[in-house]
Amino acid sequence: MTATDDTRSPAPSGEGAPREEAPPAAPMLDVRDLRVSYRNGERTVPAVRGVSFTLDRGQTLGVAGESGSGKSTMALSLLRLLPSTAKVTGQVLFQGEDLLTAKWARLRAVRWSAASVVFQGAMSALNPVRTIGEQICEPILLHDKVGQKAARARAAELLDAVGVPSRRLGSYPHEFSGGQRQRIMIAMALACRPDLIIADEPTTALDVMVQAQVLNLLGDLVRESGIGVIMISHDLAVLSHMCERLAVMYAGRVAEIGPSRGLIDEPRHPYTRALGRAFPTIGDPASRLAPAGLPGDPPTPAELARLDEGRGCAFEPRCSRAVAACRTDTVELRPSGPGREAACLLAQEGSEP
Ligand code: ADP
């Protein structure tokens with residue numbers, strides 16, 4: 001994708017305004033032509049196939065798409081958290097520095113302190129044999145270089161902020177409910193006051209009521225502190241509730257990106273439309289694998305590899321609006337409204353797919 005956030009207000013113009021405008025400040029995060037493939041024996045499986053976007057402090061970008069569309073791979077590659085079988089190319093400029101080429105020591109310093117991750121499934125991310133107090137204190141001790149007492153005080157403050165009583169710092173992960181564990185993960189992610197949080201399906205394992213509570217909590221904390229957030233979910237309704245902007249991924253690429261309201265109310269890409277129909281209510285787990293009413297399956301890795309070599313739209317076999325050109329033309333993101341882009345030959349401003 002190539003969309004940057006065009007929703008920012010233009011600089012003032014007219015009489016009295018300086019003629020020469022200062023160059024716009026570089027975005028906090030500038031992802032350029034990110035590509036990831038996994039080595040699988042002799043084969044190479046493409047997972048992310050050229051994704052570009054920007055994010056500033058205090059902005060929230062939701063990334064939606066069916067399972068296997070490349071959301072987690074894209075998000076985790078930003079901090080190089082993928083297994084060694086993954087080959088990553090492109091640029092991930094974070095506060096001006098390319099994290100894809102940064103030295104490991106530098107990357108370790110960035111993780112937690114400047115950018116942190118809330119993984120799906122807190123139980124597997126938390127260490128079962130250490131108290132949550134120890135686990136929240138660890139990044140604080142390591143990165144903030146404070147003493148035990150100050151780290152403990154900060155951990156208590158964080159627990160209170162996420163709605164878990166701070167007197168439970170000495171408890172172990174199994175002593176908490178699933179919702180509380182996910183809140184503890186959020187507390188850990190906030191521990192070193194990062195500028196960016198990547199939340200990968202942070203509430204998928206929770207029941208619907210708890211999901212809404214945890215999401216509201218995350219939303220409030222982010223708004224209060226001006227942190228930038230990339231939030232991954234297969235659930236478009238969850239994302240549109242939380243995020244100002246949405247990127248819909250299909251087969252390792254961005255099918256559509258733009259302000260959430262517009263994307264939900266007037267989708268330009270047929271895939272966004274199908275995904276929107278699939279999630280009428282927040283947290284509908286039944287629609288996780290295939291959006292309701294959308295026939296067929298996403299391309300297999302072998303089909304994706306063929307698409308990478310040739311032309312045509314990856315969504316064409318499942319698209320009820322497809323025309324002959326969709327099989328033969330290269331389909332890149334194109335402007336489709338204010339701050340919006342869609343990778344569909346038929347997408348135009350004001351047109352419904
Ligand atoms: P999503 O987060 O949208 O469900 P993923 O990023 O998990 O998608 O997966 C994208 C593609 O990459 C899928 O084809 C998946 O099978 C493949 N993939 C993900 N992780 C690995 C891995 N560790 N090794 C090999 N292939 C993987």
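Trainee: Hi! Which residues are around the ligand?

Mentor: They are Y38, A47, E66, S67, G68, S69, G70, K71, S72, T73 and P83, where being around it takes a heavy atom within 4 Å. This is a predicted model, so local features need pLDDT of at least 70 and side-chain atom pairs pLDDT 80 or more, while totals for chains, interfaces and linings use all residues. Residues are numbered from 1 along each chain as its sequence is written, and side-chain values use heavy atoms, without hydrogens and water.

Trainee: Which helix gives the most to that shell?

Mentor: Helix α1, residues 71-78, with three residues; a helix here is a DSSP run of H or I, at least four residues, numbered from the N terminus.

Trainee: How far is an oxygen atom of the ligand from the side chain of T73?

Mentor: An N or O atom in the T73 side chain is 2.5 Å from a ligand oxygen. For K71, the side-chain N or O atom is 2.8 Å from an oxygen of the ligand. The protein buries 64% of the 560 Å² that the ligand exposes when taken alone (Shrake-Rupley method, 1.4 Å probe).

Trainee: New topic: how many cavities of 30 Å³ or more are there?

Mentor: The structure has one. A cavity is a set of points on a 1 Å grid over the protein atoms alone where a 1.4 Å probe fits but cannot get out; its volume is the space filled by probe spheres set on the points.

Trainee: What lines the largest cavity?

Mentor: The lining, meaning residues with an atom within 4 Å of a point, includes H269, F315, E316 and C344.

Terms used:
A polar contact is a pair of N or O atoms within 3.5 Å; within protein, one must be able to donate a hydrogen and the other to accept it, and residues adjacent in sequence count only if both atoms are side-chain atoms. Helices (H or I, at least four residues) and strands (E, at least two) are DSSP runs, numbered from the N terminus. On a 1 Å grid over the protein atoms alone, a cavity is a set of points where a 1.4 Å probe fits but cannot get out, and a pocket is an open set with protein on both sides within 12 Å along at least five of seven lines; lining residues have an atom within 4 Å of a point.
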